[in-house]
Every structure is written in structure tokens, then in C-alpha cells.
Amino acid sequence: MTLTAGLLLLSVFFVLLVIGVPIAISIAGASIATMLILFPFDVAVFTSAQKMVTGLDSFALLAVPFFVLSGIIMNNGGIAIRLINLAKLLAGRLPGSLAHTNVMGNMLFGSISGSSVASAAAIGGVMSPLQEKEGYDRTYSAAVNIASAPTGLLIPPSGLLIIYSLVSGGTSVAALFIAGYIPGILWGLATMAVAYFIAKRKNYPVARKVTFSQGFKVFLDAVPSLLLIVIVLGGIIAGVFTATEGAAIAVAYSFILSVIYRTFSFKLLPKMLLETVEVTAVIMLLIGTSSMLSLVMSFTGIPEAISAGLLGLTDSPIIILLIMNIILLIIGTFMDITPAVLIFTPIFLPVVSAFGMDPVHFGIMMAFNLCIGNITPPVGSALFVGCSVGKVKVEQVFKPLLPFYGAIILVLLAVTFIPALSLSLPKLFGL
Amino acid sequence: MKVRKTVDQTIAFVTCTMLAFMVLTAVWQVFTRYVLNSPSTVSEEILRYSLIWVSMLGASYAFGKKKHIAIELLAEKLPKNKALALSIMIETLILLFAMLVMVIGGSRIVALTMAQSSASLGLPMGYIYLSLPVSGVLIIGYSLMTIYEAAFKKKTNLYADHLDTASNSGIEG
Amino acid sequence: GCGSKASGSGVITMRLAHNQSETHPVHKSLAEFARLTEEKTGGEVKIQLYPNGQLGSEREVIELTQTGAVDVAKVSASALESFSEVYSLFSLPYLFDDRDHYYKVMNSSIVDGIYESTKDIGFRGVTFYDGGSRNFYTKKQVIMHPDDLKGMKIRVQPSATAIKMIELMGGSPTPMSFGEVYTALQQGVIDGSENNETALTDNNHGEVAKEYSYSEHAMVPDILIMNQAIWEELSEEHKKAISAAAKESSAFHKIVWEKSIAKAIKDSKENGVTFSNPDKEPFQKAVEPLHKEFAKKQSTAEYYKRIREASEGE
Ligand code: NA
Ligand code: NA
């Protein structure tokens, strides 16, 4: 039963996916086909419909539209430029200062907007022309921008980790959020290290010195934007509000801030809301259909079979984690982050739980893996956007990206095998 | 097409209004707990059920706008007439899904749960499940329009790879 | 039935869903029910357990039982409230005077009518399992009197009766899903919650809530439900065998449950939780308006009367 069901599920899913059926419908189609061997037609149809709705019936999921909306408001709110000025200050006088500014900008802006694509566009869009003017290679600056774009998905708040929390059976969102800091920052530092060596070899210019008063003004300018992180994360960790409520507060705060900065036009509001509805609906349809999939999987025992297979292969957690990393990296090359988290969490989590891995640690490892997929060809949204704002082709940027991939994968291995990188901060805060 | 535009605008208006209302409700929830010190007992349920409606209606809108994520690699390599046939086939599959699961399955659930009431508002649960058949019908409508355009106007209209969906926003990267 | 599969040999296999882990007492009792059923039917009826909520939340599983995708399910009586109003009686605070009254009623013919009340919507009750008594527990301040609840945010299940109860006692009801309670307590989003003792251990609430107070305001049983069509298709002997197996497993559960509560109390004490016994009368007084309401409501009036009368004979 398991084998037949498993093969049917996989083959239907794969065929639908390859011919270009939307991923959500491919998941649903494969689930229904498998359900039809378990149930009579009307029960299969009823159960699928039920799962589509109940899969979305979660208070935690509300954080998704709220964080998306606050990200969109900030993207239109003049916040990016203030953060870039701050990043310039922080990047200081390293060789290739502008490249480091780009990385820091992505970390700062990604942190609050929660989107790799938004930061690749907002930060890279400002930084690329500046770098070109100072004689940086276009492919180099695009590669730096692309390689550092996903850091904001790991540095909280992060919609991705909210979805992981849901599918992993209620892992604490607060713990996941704060666990993402060190891995996200390490990713940024790794890209800066690579950028440093290349810049040094190519003799890219160093930024001019800034006076203290100039620096102080830049810092003051950025404070209101940074306060968002303090308010939202501080509020979540201190228990003033839940993650979902925190997300709604983020909307309110970014809205007020943009009004104060006079970069907000009420005419744009409907467009922003509509964009949020679209992004949310696309994700929610995936979540709804994935909950059909997880029902089918628990009926057929596919996760147990895969779990037994993996555990039967070897009893070394190190090898199992390496295998998982490779699978997730491959999946990430062509599949988007959200569906991959939805599909692979229920399969892999029981395996790693069997040898005592913390679900928070696993969530960070999985997110890290899939974020790499976000910047690899053939399909990667941050890669595409980074190429388009950097005015380069995917084929041109692939080679300059290789050393960055190498550095990021080294960090991935560290995150995988050193639990403290993910777990020490949550422990510190008693989460 | 005029019908398409009207339907688009109606869904957009309803969902955007609901979303704005949801933000206010969530802020209100924090306010009642911390400032009024008497937590709202209905906001949590209102928010959860609004999310379901916004998601379902928004999903149908996204079908109309081809915003759902798909892998386009095959279609890009096909000659035009084959790409048209493929687009018709994909739409037919979507139509089938919307018909079987959302309209037929959804209506059965609505019928079954009209007598069931929600925990704090006491609303019939059928009102929540009603989002399924409603958006199912809308999806079928959009699919038929796309099939018509492909068959008679030779317009290929495929689902998005990642760029369109994700651009400028969101957690989708 | 559409969910059950009768193979050529005439063996009926039923799916039983519940949302507790395999180490929870109720899982053991359901396994006992499965074993007894198989034994009593000479292997003709087999029951396969699906624990951990893998087939869905309680609400979903009830719907699946209505349609027959699931044959049997163990769900809380409070989850059944929204399907059949009569089950809301079990959320009525102080419906039962004490545990003896509770067992007397649950083992009497009174509940048969309640079990049958959902026949028309596709399922029936079969038996009950003790779900313990619900009591208040808080981070710091011990609850000895309703006045102690003043200004306190107490998490309740999202149900109208539970909300009303806390309001009547003077606290601020905060509806929240169970999974959020630990963090909410820890971070002070709420001051306390109410549940049986296993919440302290199985869900680690005892790590953050140190005062447990036996208000015993509710005893909400778990109910075993079965798809009505499948029940009707069974032969008379099978019906008898299953009913007997169900009753025996309930008796078995009483013992398992008591043991697990004793262990939960012992473990919690070691973790620094203090247990107190307040006078129940002021709490009972506070919720009298709710009793009046349930005595009047058409859906609950008859059963309310019979259950309350059952206590007076003693
Ligand atoms: Na972020
Ligand atoms: Na990729």
C-alpha cells in the first residue's frame, strides 16, 4: 500500500509540475489521485475540500499577510535609503566599501521587510549604479547583491519561519525568530569575506572618511526604521503581543513612519493591499493544498517509510543530515521556498526528532538550505531580481557567484552541525 | 473583456477591504488586552475566518491574473501551437480541480456544517466553508475565459514563474 | 460503511482517530478498546488507531466521522458542542457536584439520550472516558476565591460558556488556542489558565505556572463517537460486542487515568508547583446565572434537570 501510494503520489506530482501546472494544483492533484485509492469518490472530494479550509484555520498564519503588507509599505516608504546610509557607515573603510554597504543594507532592510526580493531590488537598485560609477565590475556587484539578499529571510521577523512553525506542529515562533539571528548574520559575514578578497585583488576603492557628526546624523536618521525591529521583536519576546499581533503592529508602525517621511500616498494604498492579497493568497493556496498532502501521507505512512529507509541506511546522524542537506539543496534549485518547507517538514522532522535534534535547530537548517535555492539557477526569485536590477544575465553572474556559494555552504555546514549557533540565543532569552 | 474586469475589481475591492479591516482588528485585540484590560473575545475568531475568506477569494483572483507559482520551463521551449494546447490542458486540470473539490466537495461541507456553530461568535460553520464553492465558481469562470482566449484568440496565458509573483514583496523570497 | 473495508473473509477494519500522543492514558484505553473489540468479535472487527491528531483536529475528525472517512473517533465533549448543543452542558461549571456524581451520571441511561442526539447528523456516542476535572492554575497568585480572579487574564477555550464563566467569576477571559498557552503564560500575555493536572506535566505548563488550585469547576468527558451508518450496518452480535468492549475500556480508563493524575501531581510537586483546595461554594454561587440559563434553554433543559436530580439522591 505504502509503496503503490507513494509511487502514485510522486509520479502524478512530478508530471503535473513539469508540464507547468501551478505547484499548488500539482500538490492537490497528486493528493486527490492517491486519496481515490483509499476512499470512495465522494469521501475523497469532501476530505480534500475540508483540508483546504482547515489548513488555513490558524491564528499564527495571520502573521503572513501582515508581515507582507508591512514589507510592502516599507518598500515604498523611504526607509531603504536611510538604511543604506547607515550601512555605508557600518561598512566603513574596507576594500570594496560599496559592496559591503550592499550586504549590510540587505541585512538591515531584509530584516525588517522580510523579503529577499524586496531587498535585492531596493538595496541593489540603489547600490548598483553607484558601484558602476566607481569602477566595480557589474557582475561582481550583482553577485554581491544576490548572494546577500536572502539574509532577511533568516534574520527575524520571518514569514518563512512562521510557516515552518505551523507545519512542524507549533514550534515556538519567538524561539525560531531569535534563533535565526546568528545564522543570518553569519551568512552576511561570509558574503562580506568573499567580497573583501575579490575587492582587494581588484583594487576596488575604499570609502572616504566620515566625520563623527556626519555619522551621528546618519545614525539618528536610521533610528526610527530600526525601532521597528525593537518594537516588534521586543514586543514578541517580552510577551506584550503574539507574533501575529506583532505583525499587525509592524503594519501600523511602518504606515505611520511612511506618513511622517511624506513618502506615503494614500492613492497607493489600494495597490499595496491588493499586492498583499495576491502574495498571501498564493501562499495560502499552497498551504491549503499541502494540508491535503499531509493527510494523504499520514494515511499511507509515506513519512514513516522514508524515515525508516533513511534510518535504516545509516545510524549516523551526521550522514543523515548531510543527505538531507543535499536533497534540500537540490530541491531548492528549482522549487520555491514555501512549498518546499510545506512538503519536506513533515517528512524530515520525524527522522531528525528520532535522534533528538531540536525542532528549532532543524527549522533554521532547513530554512538556510532553501534560502540558498533562492539564489541558484535555474529558478530563484532573488537571483532573477538581482540580475534585473544589476543589468546582467543569469549566465554572466553564475561564475562570479560560485565563491559566494562556497562560503555560504560552509556556513550551512556550521549551522547544521553546531546546534549552539541556532539554539544559544533562544536559550539566553529563556525560550 | 468587460466581465473579467468587473469580476477582478469586485474581488479586489472585497479582499482589500477585508485585509484593512483585519489589520485594524488585530491592533484592536492588543489594545483591548493592554489598554482596556478586557481582552476581546471575538477578534481572534473574526481574524481567523477573515483570513480564510481573503485567501480563497484572493486565490481565485490570482488564478485570473496567473500569479500562482508554476514551473514554466517546458512551455517556454514549445512552439506556439503546442504551447496553446498545453495552456488549454493546464486550465482544464485547474477547472476540474475547482469543480470537484471546491464546488462539489465544498458544497457538501457547507450543507453538512450549516448546523454547526463556531466557538465564540456562534456563526454557522457553513458560512466559512462557503468560501470554497464561491471561489471555486470564480476559478472556473477564469479558466473558461483563459481557454476561450487560447482557443479563439491564440493567446498563450501561462502561470508565473517566480519573478512576477514574488517581485517587490513577500516572504516568497 | 464507506470507510470500513470488509474483505472476502468478512473482517471489518475500522479507523479510529484521536488527537493524543501514544503515551497518553487515553491512547492506552483506546488500544484496550481495540483489543477487546477484536477479542469479543472473534477477530471479525478490527480497529486501527490513528493517534496524534494525524487525521486532523477534533472538529475535522468529527466531520470526517460524519461522512464516514473515519469510522470511530475520540473527541472532547466540548468539541461536540458546536455539533449538538446538548453537549454544551458539560462545559457548564459545577454541573457535577463531585467525581462520584459525575461517574454516576456518565454510567447511567441519562447519557444514552445525549449519545443518540447526533444520529441525524451522521454519528453517535458510544462511551466516555474520564477527562479529569478542570482547575485554575496561575503563575504566582493562588486562586482561593473568585475575588482573586479580579483583573487576571485567564486563558479559556474559545467557547461562549467558558468566557461567560470567567466573566461571572470576575476575571478577564482570554480565548486562545491550547498550543499558545505555554509561551503566553511564560511571557505574561496571560496570568493563568484552567485545565486538568496533565497540562502541568505533558504540556510543561508547570514550568511556568506554580499555583494550582482545585476549584473543580468542570468535568468534561472525552466521548467515543462512531459513524451512524456503519453502526447500523453492524450485526446485532457485533453491536453488542463493541458496546461491551467500549464499556470495559471506560472502566479500564478510570484506573489508568487515576494513576496518570497521581504521577502528574507528584512530578509537578517536585517541580515546585503548589496545590491548594479552595472552598468551592463562592465559585458555585458566582456561576448561578449560567445554571439558570441552562435550565431554561430548550436544548439542555431536560438533561440539566435529570443530571442535577441524580445528585440529590445522595
Ligand atoms: Na526578516
Ligand atoms: Na534555485
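The following legends describe close-up views of a predicted model.

**Figure 1. Overall build of chain B.** Chain B contains seven helices and zero strands, and its order along the sequence is α-α-α-α-α-α-α. Taken along the principal axes, the C-alpha atoms of chain B fill a box of roughly 65 × 40 × 30 Å. Of its 173 residues, 55% count as buried. Among contacts in chain B between residues at least 6 apart in sequence, 77% join residues at least 24 apart. Chain B carries 15 positive and 10 negative side chains, with the centres of the two sets 8 Å apart.

**Figure 2. The interface between chain B and chain A.** Here 65 residues of chain B are in contact with 78 residues of chain A. Together the two chains bury about 6100 Å² between them, of which 76% is on carbon and sulfur atoms. The salt bridges between chain B and chain A number four. One salt bridge joins the side chains of A:Asp42 and B:Arg108, at 3.5 Å from N to O.

**Figure 3. The salt bridge of A:Glu278 and B:Lys67.** The side chains of these two residues meet in a salt bridge with an N to O distance of 3.5 Å. A:Glu278 belongs to helix H15 (residues 269-300) of chain A, whereas B:Lys67 lies in the loop between helix H2 (43-64) and helix H3 (73-77) of chain B, so the pair joins two chains. A:Glu278 counts as buried because its relative accessibility is 12%, under the 20% cut-off.

**Figure 4. The salt bridge of C:Arg134 and C:Glu194.** In this view the side chains of C:Arg134 and C:Glu194 meet in a salt bridge of 3.0 Å, N to O. The pair links distant parts of the chain, with C:Arg134 in strand S6 (residues 133-138) and C:Glu194 in strand S9 (residues 192-195) of chain C, 60 residues apart. C:Arg134 counts as buried at 10% relative accessibility, and C:Glu194 likewise counts as buried at 2%.

Figure 5. The side chains of C:Glu302 and C:Arg306 meet in a salt bridge of 3.5 Å, N to O. Both residues lie in helix H13 (residues 298-312) of chain C, four residues apart, which is about one turn of the helix. C:Glu302 is partly exposed, with a relative accessible area of 48%. C:Arg306 is also partly exposed, with a relative accessible area of 31%.

Figure 6. Helix H2 (residues 58-67) of chain C holds C:Glu60. This residue counts as buried because its relative accessibility is 8%, under the 20% cut-off. Leaving aside residues up to four places away in sequence, C:Glu60 touches A:Gln50, A:Lys51 and A:Thr54.

**Figure 7. Packing of helix H22 of chain A.** Helix H22 (residues 419-428) of chain A has A:Leu421, A:Ser422, A:Leu423 and A:Pro426 as its buried residues. These buried residues pack against helix H11 (173-179), helix H12 (181-202), helix H19 (359-373) and helix H21 (394-417) of chain A. Just after H22(A), A:Gly430 takes a positive phi of about 70 degrees.

Note on methods: Residues are numbered from 1 along each chain as its sequence is written. Chains are lettered from A and ligands numbered from 1 in the order in which they are written. This is a predicted model: local features need pLDDT of at least 70, side-chain atom pairs count only at pLDDT 80 or more; totals for chains, interfaces and linings use all residues. Side-chain values use heavy atoms; hydrogens and water are left out. Buried means under 20% relative accessible area, exposed over 50%, partly exposed in between (1.4 Å probe, protein chains only). Contact means heavy atoms within 4.5 Å. Lys and Arg count as positive and Asp and Glu as negative; His and the chain ends are not counted. The place of a charge is taken as NZ of Lys, CZ of Arg, CG of Asp or CD of Glu. Buried area is the accessible area (1.4 Å probe) that two parts lose on being put together, summed over both.
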